[in-house]
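Try each task yourself before reading the solution.

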Amino acid sequence: AEAGGPRGTAPGQQLRALFYALSPGESSFRTVEEVPDYIEKSIPFFITFIGLEFAVSWIQKRKLPGRINDGISSLSLGILSRLPDVLFRSIELISYIYVWNNYRLFELPWDSPWTWYLTLLGVDFAYYCFHRMSHEVNILWAAHQVHHSSEDYNLFTALRQSIVQKYTSWMFNLPMALFIPPSVFAVHLQFNLLYQFWIHTEVITKLGPLEWILNTPSHHRVHHGRNPYCIDKNYGGTLIIWDRIFGTFEAEDAKVVYGLTHPVNSFDPIMLQLRPLAHIWNTFWATPGFCNKLSVIFKGPGWGPGKPRLGLPEEIPVITGKEVPFNPHVPAYLNCYALVHFAVIVDLYTELLASLTMLSQGAVLLRIGFIILSLASFGLLMESKSKAGILEIIRCLVFIGVYKLGYFRSQFSFLGYAYEV
């Protein structure tokens, strides 16, 4: 620890955190304030592994593992999902600490390996329960479906997250707050999420005996499939044992076709977040009967009057293997334009995170608003929407104005003039 910095922050430890491979001694902390932000510190490794995935895919298949438009859409959704954390502390931690402070029954020792391993199992089982409910309860699915909306399957997809999902998942962790210290929970909450990054890939096939215990790329490919045999299977986060115990496990068989059973056909991150909620709203008012209205919210996304809770399996669209992903034709220069400008937004976003404590709330809100405007504009550009050009001109004029006034700045001073150009 003395040679590599504080515990849990050395590069080697951070890399192992991605695979849940840190020991209890390396990742146990007395207080929540001491727990590193493993997710933020993993960003360089995310970028490295994405580059490695592209290289391996090209060597294996002579093709890239994804598309520019879908990749930018996934990263946009990932950035959007993290923006509330810029303004507010995580609701998962706030609620957990509240229950711990006021209702805990007893206190397990924070520095015990047994507490560490029990929390690993507890967090992963809570994730299984939440994840399964997110597929079986329509209002929860409206948030979670964002993660399944990509028709590609690669490491970009792992970053494709919902902005509202965390406001429903927190309650599943609260039973642990009765006896597990918040600092231990805060570590495993991050580890469980980080582990799920690397399993979103097609370049890793099978992992032998590990397939019996761990969630692997093969198992998770099934979970992201819209083939009938893939629907509502393999909910595990780190471990696959819960699926084997509760009968939701399915091994990878026929070639998996990714995405939603009824594709959204959009790269606009705002629309992807909000349209499912709007669909529930409209269906709620169009469905007759109070009990039926409640069923629209709390039964499965495939439910309808007279159907079973999770809908009818025969209504799942047949997969032919000839499905073509949504991919509007746009000129190559427009893809390059969107990619370059998206890189600028990523720079502004990471600079915002780095300088958060030095900014006024007004400056933070201005930057967040501009980031949201930019991500929406890129989505419309990649869909060739008729009004995308007008929105993009407005966005660029806003950027020049606030950049000249000093409200935006790059992490790299030498890029200042290039950004204005």
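The exercises below go from the whole chain to single residues.

**Before you start**

This is a predicted model, in which local features need pLDDT of at least 70 and side-chain atom pairs count only at pLDDT 80 or more, while totals for chains, interfaces and linings use all residues. Residues are numbered from 1 along each chain as its sequence is written, and side-chain values use heavy atoms, with hydrogens and water left out.

**Exercise 1. Describe the overall fold of the chain.**

Step 1: Begin with secondary structure. The chain has 18 helices and zero strands (DSSP runs numbered from the N terminus: H or I of at least four residues for helices, E of at least two for strands).

Step 2: Turn to the dimensions. The C-alpha trace spans about 60 × 60 × 50 Å along its principal axes. The radius of gyration is 22 Å, which agrees with the value near 22 Å for a compact globule of 421 residues (taken over C-alpha atoms; the rule is 2.2 Å times the number of residues to the power 0.38).

Step 3: Look at the packing. Of the 421 residues, 49% are buried (buried is under 20% relative accessible area, exposed over 50%, partly exposed in between, with a 1.4 Å probe and protein chains only). Among contacts with a separation of 6 or more, 73% are between residues 24 or more positions apart (contact means heavy atoms within 4.5 Å).

**Exercise 2. Compare the annotated regions with the model.**

Step 1: Find the domain. An unreviewed UniProt entry annotates residues 117–248 as "domain: Fatty acid hydroxylase"; UniProt positions are in the numbering used here, feature names are shortened, and annotations may be inferred rather than shown by experiment. The model has 52% helix and 0% strand over residues 117–248.

Step 2: Find the "transmembrane region" annotation, which the unreviewed entry places at residues 364–382 and 388–407. Residues 364–382 are 100% helix, with end C-alpha atoms 27 Å apart. Residues 388–407 are 85% helix, and their end C-alpha atoms lie 25 Å apart.

**Exercise 3. Which loop holds Arg 62, and which holds Ser 384?**

Step 1: Recall the background: most residues other than glycine have a negative phi.

Step 2: Inspect Arg 62, which has a positive phi of about 60°. Arg 62 lies in the loop between helix H3 and helix H4 and is exposed at 55% relative accessibility.

Step 3: Inspect Ser 384, where phi is also positive, near 60°. Ser 384 is in the loop between helix H16 and helix H17 and is partly exposed, with a relative accessible area of 42%.
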